[in-house]
Amino acid sequence: MLSVSGLAGPLGRAALLVGLIGAFFGMFAAAVGTRQQDEKVLKLVPRFATLSCVAAFLAFVAMEWAMITRDFSLAYIQKVGSRSTPALYNFTAVWSALEGSILLWLLVLTCLTLAIAYKYRARINDPMVGWAMATMFFVGIFFFILTLGPANPFGAGAPGVFDGPGPNPLLQNHILVVFHPPILYLGYVGMTVPFAFAIGALITGRVGEGWLIETRRWALFSWGLLTFGIILGSWWSYEVLGWSGVWAWDPVENASFIPWLTATAYIHSVLVQERRGMLRVWNLSLLVSTFSLTILGTFLTRSGVLNSVHAFSDSNIGPYLLSFFAIIVVVSVVLIGWRGDKLHAPGTIDSPLSREGAFLANNVIFSVFAFVVLLGTVFPLVVEAIQNRQLVVGEPFFDKLAVPTGLTLLFLMCIAPVLPWRKASSELLSERLFWPAWCGIAALVFSLLVGATGFAPLLTFTLGGFAGGAALRQLVLATRRQGLRGLVGRANGGMVVHIGVILIAVALAASNSYTRSQELSLKQGVVAQFAGHTFELTGFTEMSDARRTSISAVIRVDGGKSYAPAISKFKSMGTNIGTPSVKSSLTKDIYLTVEPPLKMSSKSAKIKVFIKPMVMWLWIGGFLMGFGTLLSAFPGRRRRPTDPTSARVPEYS
Amino acid sequence: MMKKLKSWPVWMLMGLLVVALLTVGTTRDSGPLTQSDRIDAITKRIACPTCDGESVFVSRATAAESIRNQVARDVAAGTMSDNQIIGSIADTFQGKILLVPRATGVDSLVWILPIAVLVCAVAGLFVAFRRWKRNNSGDATAEDIALVKRLLGEDPTDEENV
């Protein structure tokens, strides 16, 4: 007879099988019902969406149940479960390795499919909605197959195992493990919705602007969640890893950043299509790229072909993901080719010096940036394939190319917000850019006064001031006229996002350029100094439980509050894991790490101090980006829908 | 008065001011780096030989620790430049630990391809604008002109009309 905990495996497997059947019939109902315009069949679509979502939810609950009850009959629990893991990290351990993370992906995807099915249930006989639903189910089928095949979290484990190592120690010492992966997945998987509608539009031939309007909020929210997920990941890295950085251009970080870049290009260029009816092929290509890059990124980081501190162990999931990626690309390209005649845009862009011209330039930069990051990420694979030798492409390479790219994007952020649609005259530009340009000069002067040096950081501060001025100008004009309502809508909410991006750029330039570090050998009772701060070792604290032993060095900073960087030894892993301690303020962070070995009986400790300016502004900028995205989701003032969008502007003298 | 302020000579002066200030900021002394700063800068460019793509700066692995100590000794000795220190360590590991690919052979592709793609993209944009300009020689209709006048008369802060 099966124990209660032993039920999780069979229940989970059964739920996944039911979910797969539900998704299969859902796709069949959506496709056949749409093709034959059979309303009875189409009415089944929301029911199948419910079935597959409930099944995925049950499978997820079964996995959580197995984790909570420490059901070591499952191979996955043997891999990431442990009797000594605290309840919170035991709960999050479900997504701490390949199989569980794919299960989380599946849960988010089926929830989105259900949300779409119910939102559009009254219009389910609209062929575009029908084909979009069929696409959502198709993607769902693929992920159900993964969880039943190469990424099965309910596989039986070896007999006689009664405990496990628990999740990676880095995944059990910060609260952000609860938020970062699910939010990132919401953004990642959310991109499936606009992709599905794009496929629906291509199949039905309704490639005008209707599908864009249907999906713009989905695309915006997915982008916002992806942004927020990436920012949370950076914060986590900063607080946990102990090397004082927020971004290491690790392949897994890149795997989320590349689709973010193409999605960012999309949410800008989509405005040109909505307004002018242009760039249809380009927008479809960006959506297809964004979605397919999420799959390619998953392949690169989950199949074991690339090494990364984040990457999960080798598995045979690679060929599945690569095949799915190929199917998406081939089907999308064939559909775009098939609808080529309908995708021809009627309008023209009158001048490069226009809002749409700036969006195009923005798209070129974002796309080239995405290509650079993808190239740097996969280049070691290319070299290994050609020359059978190993190569590492790391942070300095990406930094070298990211700095000029970022500066170019900042420059565009100075100009674009003040550009009108169609064409700008030099007088108009001079009028609108005057005060923003002075903001840039003021930022430069202020930077010099506080001692900033170096061309790239100073140019960043100047352009940051300029771009901030341009964004603020737009917001001031809008709020003067409309009050607080002037903060909402895509253009004005977008300006709040721009201010967030500017703060992040300035904070990154400052923290990367002016970080100072020093190793200090501290003796108890002796005050050491570095960069105008004092550090005094006042003692040690030890904490030990079944999972780990931690020793912290208690250090009083500037004669005030004490901070306690620690070294932990996880019993399952055996190696030392450092945990930094950070004194944060608006102007700078004092980031402390302690070097092993550390002994309670010792009267001294070797610490490393990093003085990092403006790090707090990274998180404030991230918050503003999220807030701005929310503001963008509310409707702003609209032009009259009867106004034509493609009439040419005549020359006025 | 304001119109004069926004004339092109003022913009030229602003441009010159920015260039002058940037030159001052770029050329002035940023103060001495600590040995630790220099060690950090060097170890950020070296890959940990036993890790999964991490730099020696980031990694806490034993091999990374050993290289960090080697770099610290070289920096303390004060006889080699940053590139010489990195070169000597790269020679020991036969180049496998450089985080920046060399600009020779197959490795150079990682530098050439981004530039090639950027040039192609900018050229494509240039061609597209030329074609749009060529296709855009028709005169505006009375309806177009009326529309533009109406739009120009609208609230400039309207998000769809800015």
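Colleague: What should I know before I start?

Modeller: This is a predicted model, where local features need pLDDT of at least 70, side-chain atom pairs count only at pLDDT 80 or more, and totals for chains, interfaces and linings use all residues. Residues are numbered from 1 along each chain as its sequence is written, chains are lettered from A and ligands numbered from 1 in the order in which they are written, and side-chain values use heavy atoms, with hydrogens and water left out.

Colleague: OK, how is chain A divided into domains?

Modeller: Domain 1 is 1-166, domain 2 is 174-270 + 278-343 + 355-374, domain 3 is 395-514 and domain 4 is 516-613. Those bounds come from an automatic or database domain assignment. Between domain 1 of chain A and domain 3 of chain A, the C-alpha centres are 44 Å apart.

Colleague: And which domains does chain B get?

Modeller: Domain 1 covers 35-100 and domain 2 covers 106-152. Their C-alpha centres are separated by 46 Å.

Colleague: How many helices and strands are in chain B?

Modeller: Chain B has 7 helices and 0 strands. Both kinds of element are DSSP runs numbered from the N terminus: helices are H or I with at least four residues, strands are E with at least two. Of the 162 residues in chain B, 37% are buried. Buried means under 20% relative accessible area, exposed is over 50%, and partly exposed is in between (1.4 Å probe, protein chains only).

Colleague: Where does B:Ser59 lie?

Modeller: In the loop between helix H3 (35-43) and helix H4 (62-77) of chain B. B:Ser59 counts as buried because its relative accessible area is 2%. The C-alpha atom of B:Ser59 is 10.0 Å from that of B:Lys44, and the two residues are 15 apart along the chain.

Colleague: Back to chain A. How far does helix H15 reach?

Modeller: H15 (residues 355-387) has 33 residues and goes 46 Å from first C-alpha to last, close to the 48 Å expected at 1.5 Å a residue. The expected span is 1.5 Å times one less than the number of residues.

Colleague: Where does H15(A) bend?

Modeller: At A:Val378, by about 45°, with the proline A:Pro380 following within four residues. That bend is the angle between axes fitted to the seven residues ending there and the seven starting there. After H15(A) comes A:Asn388, which has a positive phi near 50°.

Colleague: What about H17(A), where is its kink?

Modeller: At A:Leu433, again about 45°, shortly before the proline A:Pro436. Helix H17 (residues 426-449) of chain A has 24 residues that should span 34 Å, and its end C-alpha atoms are 33 Å apart, so the two agree. A:Gly451 follows H17(A), with a positive phi near 100°.

Colleague: New topic: which residues form the nonpolar patch on the surface?

Modeller: A:Leu17, A:Ile21, A:Phe24, A:Phe25 and A:Phe28, with about 490 Å² of accessible area together. Patch residues have over 30% relative accessible area and no salt bridge; like charges are joined within 9 Å, nonpolar side chains (Val, Leu, Ile, Met, Phe, Trp, Tyr) within 5 Å. The areas come from the Shrake-Rupley method with a 1.4 Å probe, and for residues only the protein chains shown count as cover. A:Phe25 lies in helix H1 (residues 8-36) of chain A and is partly exposed at 40%.

Colleague: How many salt bridges are there over all chains?

Modeller: The search finds 14, each being a side-chain nitrogen of Lys or Arg within 4 Å of a carboxyl oxygen of Asp or Glu. One of them joins A:Arg276 and A:Glu356, with the closest N and O atoms 2.3 Å apart. A:Arg276 is in helix H11 (residues 251-276) and A:Glu356 in helix H15 of chain A, so the pair ties together parts that are 80 residues apart in sequence.

Colleague: Is A:Arg276 buried or exposed, and what about A:Glu356?

Modeller: A:Arg276 is buried at 2% relative accessibility, and A:Glu356 is buried at 0%.

Colleague: What does B:Asp82 meet in a salt bridge?

Modeller: B:Arg38, at 2.6 Å from N to O. B:Asp82 is in helix H5 (residues 82-92) and B:Arg38 in helix H3 of chain B, 44 residues apart. B:Asp82 is partly exposed at 25% relative accessible area.
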